[in-house]
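Here is a short report for a reader who is new to this structure. Please look over the sequence and the model first.

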Amino acid sequence: MKILFVASECAPFIKTGGLADVVGTLPKYLAQAGEDVRVILPKYDVMRREYKEMMTHVVHFYLDLGWRRQYCGVEMIEQDGVTYYFIDNEYYFARGNVYGSGEFEGERFAFFCRAVLSVLPLIGFRPDVLHLNDWQTGMIPVMLCTQYQGNEFFRGIKTVYTIHNLRYQGVFAWPFVRDLLSLDEGLFTDDKLEYYGCANFMKAGIVYSDVITTVSPTYAKEITTAYYGERLDGLLKARSNSTVGILNGIDVGVYDPEECPVIPAHFTAEDLSGKAECKAALQRELGLEERADLPLIIMITRLTEQKGIDLVQRVIEGIMNTGAQMAVLGSGEKSYQDFLCWAAWRYKGRFATRIEHNENLSMRMYAGGDILLMPSRFEPCGLAQMIAMRYGTIPIVRETGGLKDSVHPYNQYTDEGTGFSFANYNAHEMLYTIERAVGYFRGDKEMWQRLRARAMKEDFSWNVSAKRYQEVYENVLQKP
Ligand code: ADP
């Protein structure tokens, strides 16, 4: 099968969150399984120089976008059996950051959608399946269905649309989007692109794709309800027969406590002495008291409403009263940043805050932490809890989306499980769960060792999920 992944980010080239991990890993697994897999993404100026220097020029041309005529270059890198294409336009993608805000976001990704379809004949690649990801790619199936069917090259290309996070939908004024992409006025109805008076890229992707997937089975169910559905639950319920939930994996080659080049010591489930060294080094690095006996709770996260920082804020006194240390790495909304900086001042030596995006530090934290706290309000899949488990750091999660599907709560009667969880979005329920975990950490070392070993032995590789995606492609290709 020929598969083209279309996304706004892809590790290791450019990453702001879990989407990049998925698009950076799944294609490699599919390529190993013998598929012809390629990936296409924007060429951002903020990519690392070494990657920009590796690129070779494929083609360039001028593309019509409403009344605009824009340069569109295509660059290429081949790596691990996968071909990566980068759409080059400095006006849209050399802005000093990956995402911006306001109407211009709509124009940037409308350009990207148009560019993807326009370059296919020029690079001589006709995919059987276009695998689209999140709102930035949502207009591709609309254009494919309404503007490209007269062209033999495009006829019969199937679309799979993956929702990584329903919260971000790409909602812009209809006249603006219609003009950018020369869309038919008839598309602006509530069963197509219209969403509370505006045009919605995410909705477009959901309506017009052949199959919808989302990144965990639980999230696939949740988004058909009003609480999680972000005002698209009715549509998602209507399309639930064409929706599949497939749990993400992680790149177990990159996240590997035995090999990881950026952590100070290595360890395995059988020999955890290296983890103790990682913890001591992390405590020194973050200015925490160097204490092996205190559990170190870490959070590595975007600081947004989704991630449950407000629960931590509500019961911070209670959390610190358990005797645990805390370290948070993240960036995002100012109110959360302010709270975390305040906590680092208030609990000096016991609470550390780093406001930045720092992948190497995140690895040292996964390796050196004891507990990862992830009390998300909603979580389509979540990768941090899987990475943490791989490094023997025990997750405490709220039972939602992929957190529910990947963390088995500890059962004291059967001595089973890989972490701790709580059901309701409630600060005291979270605090109780933290107290329980800290109690085990301090009171029952052997139980904690067993818990750790089980968590580390969980299989979070892409092996299983990549096969599920292959089945999805095979099924969609059989559709008329
Ligand atoms: P989301 O995609 O909602 O941000 P996930 O848990 O699916 O959440 O993925 C987050 C990914 O981004 C993980 O690989 C995590 O380690 C990484 N990450 C999040 N914040 C930071 C940060 N400040 N520095 C480094 N890595 C981060």
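## Around the ligand

The ligand has 24 residues around it, and G18, R302, K307, E356 and Y366 come nearest. This picture rests on a predicted model.

A polar side-chain atom of Y366 sits 2.6 Å from an oxygen atom of the ligand. N358 uses its backbone: one of its N or O atoms is 3.0 Å from a nitrogen atom of the ligand. D21 uses its side chain, where an N or O atom is 3.2 Å from an oxygen atom of the ligand. How much of the ligand's accessible area does the protein cover? On its own the ligand has 560 Å² of accessible area, and the protein covers 93% of that.

## What the shell is made of

Eight of its residues are nonpolar, nine are polar and seven are charged.

Which helices and strands supply at least two residues each? The helices are α1 (18–32), α14 (359–368) and α15 (384–390). The strands are β13 (296–303) and β14 (325–332). Two domains also take part. Domain 1 (2–249 + 463–477) gives at least three residues to the shell, and domain 2 (273–457) gives at least three as well.

## Aromatic rings

The structure holds 32 aromatic pairs. One of them joins Y195 and Y196, whose ring centres are 4.9 Å apart; their planes stand at 90 degrees, so this pair is edge-to-face.

Are these two tyrosines buried or exposed? Y195 has 13% relative accessibility, so Y195 counts as buried. The cut-off for buried is under 20%. Y196 has a relative accessible area of 56%, so Y196 is exposed. The cut-off for exposed is over 50%.

Elsewhere, aromatic residues gather in one cluster. Its members are Y44, Y91, Y92, F93, Y99, F104, F109, F111, F112, W135, F172 and F201.

## Backbone details in the loops

Where is the cis peptide bond that involves P12? The bond runs from A11 to P12, and its omega is near 0 degrees. P12 belongs to the loop between β1 (2–6) and α1.

Two aspartates have a positive phi. D134 has a phi of about 65 degrees, although D134 is not a glycine. The loop that holds D134 runs between β6 (129–133) and α5 (139–147). D134 is buried, because its relative accessible area is 9%.

D415 is not a glycine either, yet its phi is positive, at about 55 degrees. D415 sits in the loop between α16 (401–406) and β18 (420–422). Its relative accessibility is 22%, so D415 counts as partly exposed.

## A helix residue and a cluster residue

A238 is part of helix α9 (residues 233–238). Is A238 buried or exposed? A238 is exposed, because its relative accessible area is 63%.

How far is A238 from F93? Along the chain the two are 145 residues apart, and their C-alpha atoms are separated by 36 Å. F93 is one of the residues in the aromatic cluster.

Definitions and conventions. Residues are numbered from 1 along each chain as its sequence is written. This is a predicted model: local features need pLDDT of at least 70, side-chain atom pairs count only at pLDDT 80 or more; totals for chains, interfaces and linings use all residues. Side-chain values use heavy atoms; hydrogens and water are left out. A residue is near a molecule or strand if one of its heavy atoms lies within 4 Å of it. A polar contact is a pair of N or O atoms within 3.5 Å; within protein, one must be able to donate a hydrogen and the other to accept it, and residues adjacent in sequence count only if both atoms are side-chain atoms. Accessible areas come from the Shrake-Rupley method with a 1.4 Å probe; for residues, only the protein chains shown count as cover. Helices (H or I, at least four residues) and strands (E, at least two) are DSSP runs, numbered from the N terminus. Ala, Val, Leu, Ile, Met, Phe, Trp, Tyr, Cys and Pro count as nonpolar, Asp, Glu, Lys and Arg as charged, and the others, Gly among them, as polar. Domain bounds come from an automatic or database domain assignment. Rings of Phe, Tyr and Trp (its six-membered ring) pair if their centres lie within 6.5 Å; planes under 30 degrees apart count as stacked, over 60 as edge-to-face and the rest as tilted. Buried means under 20% relative accessible area, exposed over 50%, partly exposed in between (1.4 Å probe, protein chains only).
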